[in-house]
Amino acid sequence: MVLTTTNPAPKQFVESSTFASRYVRQPLPRFQMPETSMPKEAAYQVITDELMLDGNPRLNLASFVTTWMEPECDKLMMASINKNYVDMDEYPVTTELQNRCVNMIANLFNAPIGSGEAAVGVGTVGSSEAIMLAGLAFKRKWQQKMKSQGKPYDKPNIVTGANVQVCWEKFARYFEVELKEVKLKEGYYVMDPVKAVEMVDENTICVAAILGSTLTGEFENVKLLNELLTKKNKETGWDTPIHVDAASGGFIAPFVYPKIEWDFRLPLVKSINVSGHKYGLVYAGIGWVVWRSKEDLPDDLVFHINYLGSDQPTFTLNFSKGKIFMHTSIQRSHP
Ligand SMILES: Cc1ncc(COP(=O)(O)O)c(C=O)c1O
């Protein structure tokens with residue numbers, strides 16, 4: 001969520017509540033708990049009146065998410081809205097449906113899954129969360145490797161194009177990884193694989209390529225990146241992997257350009273994220289990250305919870321909602 005700009009100083013009361021005036025005789029405080037309660041109908045009307053000032057989602061064609069879904073989806077959502085779906089024991093079918101999605105996506109992206117084997121991945125609130133998790137897995141794997149070789153592991157870096165979406169900067173800052181950006185040049189607005197591989201060093205936890213650059217939709221050349229990096233890995237003895245940020249292209253490439261090799265067909269691609277809500281007819285709040293194999297997700301990042309009797313392995317971040325008073329910290333604003 002964005003940071004708050006709500007200023008509590010000027011207006012202390014909800015000024016007008018057009019249709020609730022028959023209930024609301026006293027001014028309603030905006031930032032304090034009211035002294036007395038109010039009828040639920042009044043609360044509903046006051047909030048509905050305020051929400052009228054939001055835009056009309058059906059007319060919002062400017063941002064990445066779409067705001068209309070089939071009525072059957074609305075029905076399914078409303079039928080499940082009271083389920084605490086993180087409780088996998090109580091709601092195993094919901095968990096099973098999520099697992100099926102992960103498997104379908106891993107197969108779509110050509111993960112090398114043996115028959116009877118399950119894919120490795122999680123559902124998230126979108127690609128931003130997915131990228132935090134993927135980045136964390138790379139960082140932890142790299143640290144484990146450096147530790148086992150008795151080398152310093154306090155200066156990890158990640159190589160991306162300067163066209164990366166702001167969530168990569170957030171990952172770098174929150175998880176203390178240096179972001180090494182390949183500069184763009186006039187007429188070429190994605191990461192140049194040659195320059196990216198030049199920037200790789202022993203502390204590089206991964207190179208992140210984008211399939212569907214946020215600004216132009218252009219695909220980066222992951223195949224060439226894989227070739228160049230394989231060569232460099234051979235020369236140096238490193239094993240720098242690739243992550244593909246397929247937030248905006250992961251559900252286009254397999255259907256429209258099936259011959260382009262960008263996914264797990266390339267051996268160095270160890271994880272891929274994709275958004276569910278960028279392609280139409282899906283409400284905001286869904287994405288996934290899938291890993292090539294179990295070996296690519298360090299086991300000590302997976303929490304095994306068994307409060308309710310059975311083992312519930314999880315690898316998630318719980319994203320907070322709401323705004324914070326601050327204007328300065330995240331300055332670049334992609335849509
Ligand atoms: C390339 C890319 N990566 C990541 C994201 C973040 O995606 P989400 O909104 O699903 O968190 C976006 C969103 O625009 C994007 O275009």
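This is a predicted model: local features need pLDDT of at least 70, side-chain atom pairs count only at pLDDT 80 or more; totals for chains, interfaces and linings use all residues.
**View 1. The chain as a whole, as a setting for the close-ups.** The secondary structure of the chain comes to eight helices and 11 strands. Of its 335 residues, 36% count as buried. When contacts between residues at least 6 apart in sequence are considered, 65% of them join residues that are at least 24 apart.

**View 2. Phe251 and its aromatic partners.** Tyr279, with a relative accessible area of 27%, is partly exposed. Phe251 also forms an edge-to-face pair with Trp288, and here the centres are 6.2 Å apart and the planes stand at 80° to each other. That pair, too, links distant parts of the chain, since Trp288 lies in strand 9, 37 residues from Phe251. Trp288 has a relative accessible area of 12% and is therefore buried. Phe251, Tyr279 and Trp288 belong to one aromatic cluster, which also includes Phe109 and Trp262.

**View 3. Lys185 and the ring of Tyr188.** In this view a charge meets an aromatic ring, for the charged end of Lys185 sits over the ring of Tyr188, at 5.3 Å from the centre of that ring.

**View 4. Helix 3 and its buried face.** Helix 3 covers residues 92–108, and its 17 residues should span 24 Å at 1.5 Å a residue, which agrees with the 24 Å between its end C-alpha atoms. The buried residues of this helix are Thr95, Val102, Ile105 and Ala106. Seen down the helix axis, these buried residues fall within an arc of 100°, so they line one face of helix 3. On the other side of the helix, Val93 and Met104 are exposed. The elements that cover the buried residues of helix 3 include strand 3 (120–124), strand 8 and strand 9.

View 5. Helix 3 is followed by Asn110, which lies in the loop between helix 3 and strand 3. Although Asn110 is a residue other than glycine, its phi is positive, near 60°, and with a relative accessible area of 34% the residue is partly exposed. Glu176 is not a glycine either, yet its phi is positive at about 55°. Glu176 is found in the loop between helix 5 (166–174) and strand 5 (178–182), and its relative accessible area of 64% makes it exposed.

**View 6. Cysteines and the count of disulfides.** A disulfide is a covalent bond between the sulfur atoms of two cysteines. In this chain the count of disulfides comes to zero. Cys101 is partly exposed, with a relative accessible area of 31%, whereas Cys206, with a relative accessible area of 0%, is buried.

How values were computed. Residues are numbered from 1 along each chain as its sequence is written. Side-chain values use heavy atoms; hydrogens and water are left out. Buried means under 20% relative accessible area, exposed over 50%, partly exposed in between (1.4 Å probe, protein chains only). Rings of Phe, Tyr and Trp (its six-membered ring) pair if their centres lie within 6.5 Å; planes under 30 degrees apart count as stacked, over 60 as edge-to-face and the rest as tilted. Helices (H or I, at least four residues) and strands (E, at least two) are DSSP runs, numbered from the N terminus. A charge sits over a ring if NZ of Lys or CZ of Arg is within 6 Å of the ring centre and within 35 degrees of the ring normal. A disulfide is a pair of cysteine sulfur atoms within 2.5 Å. The expected span of a helix is 1.5 Å times one less than its number of residues. The arc is that of the directions from the helix axis to the C-beta atoms. Contact means heavy atoms within 4.5 Å.
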